[in-house]
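User: Please examine the structure below and answer some questions about helix packing, ring contacts and the exposure of selected residues.
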Amino acid sequence: MRLSNRSKFRPSTTVIVPVLNEHENIMPLVKRLNVALSRRKIEILFIDDSPGRKTSQQIRLAKQKYHRKTLEINNIHRRGEACHGGLSGAVVDGISKAKSN
């Protein structure tokens with residue numbers, strides 16, 4: 001399990017998004033979250049169980065496109081044994097890695 005870009009950013013809210021082959025939905029979701037939570041300091045934390053690279057690539061593109069001081073996008077790409085527990089396992093992993101309190 002790898003988490004990219006672990007900086008000193010401290011959001012008030014972390015939105016945990018488990019994904020599996022959701023590359024087509026990443027940009028629309030980030031766009032909507034960016035608008036809906038624009039007045040908050042937020043982290044969007046994707047827990048990616050996708051076997052390929054398309055979803056991770058879209059998350060990287062969203063990170064570049066929606067970069068702002070009050071928004072951080074991170075990705076945990078779980079592979080093999082790390083993909084335990086399905087959706088609930090992804091949520092628990094996200095909670096343990098979230099930067100907000």
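The questions and answers that follow concern a predicted model.

User: At what angle do helix α1 and helix α2 pack?
Analyst: Helix α1 covers residues 26-36 and helix α2 covers residues 54-65. Their axes lie 9 Å apart, and α1 passes α2 in a right-handed crossing. The packing angle is about 35 degrees.

User: How do the residues of the contact of α1 with α2 divide into nonpolar, polar and charged?
Analyst: From α1, the contact is made by Ile26, Met27 and Val30. From α2, Thr55, Gln58, Ile59, Leu61, Ala62 and Lys65 take part. The division is six nonpolar, two polar and one charged.

User: Over the ring of which residue does the charged end of Lys41 sit?
Analyst: The structure holds zero aromatic pairs. A ring does, however, have a charge placed over it: the charged end of Lys41 is 5.2 Å from the ring centre, and the cut-off for this distance is 6 Å. The ring belongs to Phe9.

User: What is the value of phi at Asn21?
Analyst: Asn21 is placed in the loop between β2 (13-19) and α1. With a relative accessibility of 46%, Asn21 counts as partly exposed. Its phi is positive, in a residue other than glycine, and is near 55 degrees.

User: Which class of exposure does His67 fall into, and why?
Analyst: His67 is found in the loop between α2 and β4. Its C-alpha atom is 9.9 Å from that of Asn34, and the two residues are 33 apart in sequence. Since the relative accessible area of His67 is 65%, and the class requires over 50%, His67 is exposed.

User: How far apart in space are Arg60 and Ser12, C-alpha to C-alpha?
Analyst: The place of Arg60 is in helix α2, where a relative accessibility of 43% makes this residue partly exposed. Arg60 and Ser12 are 48 residues apart in sequence. Their C-alpha separation in space is 22 Å.

Definitions and conventions: Residues are numbered from 1 along each chain as its sequence is written. This is a predicted model: local features need pLDDT of at least 70, side-chain atom pairs count only at pLDDT 80 or more; totals for chains, interfaces and linings use all residues. Side-chain values use heavy atoms; hydrogens and water are left out. Axes are lines fitted to C-alpha atoms, for helices over the stretch in contact, and angles run from 0 to 180 degrees between N-to-C directions. Helices (H or I, at least four residues) and strands (E, at least two) are DSSP runs, numbered from the N terminus. A crossing is left-handed if the near helix is turned anticlockwise from the far one by less than a right angle, and right-handed if clockwise. Contact means heavy atoms within 4.5 Å. Ala, Val, Leu, Ile, Met, Phe, Trp, Tyr, Cys and Pro count as nonpolar, Asp, Glu, Lys and Arg as charged, and the others, Gly among them, as polar. Rings of Phe, Tyr and Trp (its six-membered ring) pair if their centres lie within 6.5 Å; planes under 30 degrees apart count as stacked, over 60 as edge-to-face and the rest as tilted. A charge sits over a ring if NZ of Lys or CZ of Arg is within 6 Å of the ring centre and within 35 degrees of the ring normal. Buried means under 20% relative accessible area, exposed over 50%, partly exposed in between (1.4 Å probe, protein chains only).
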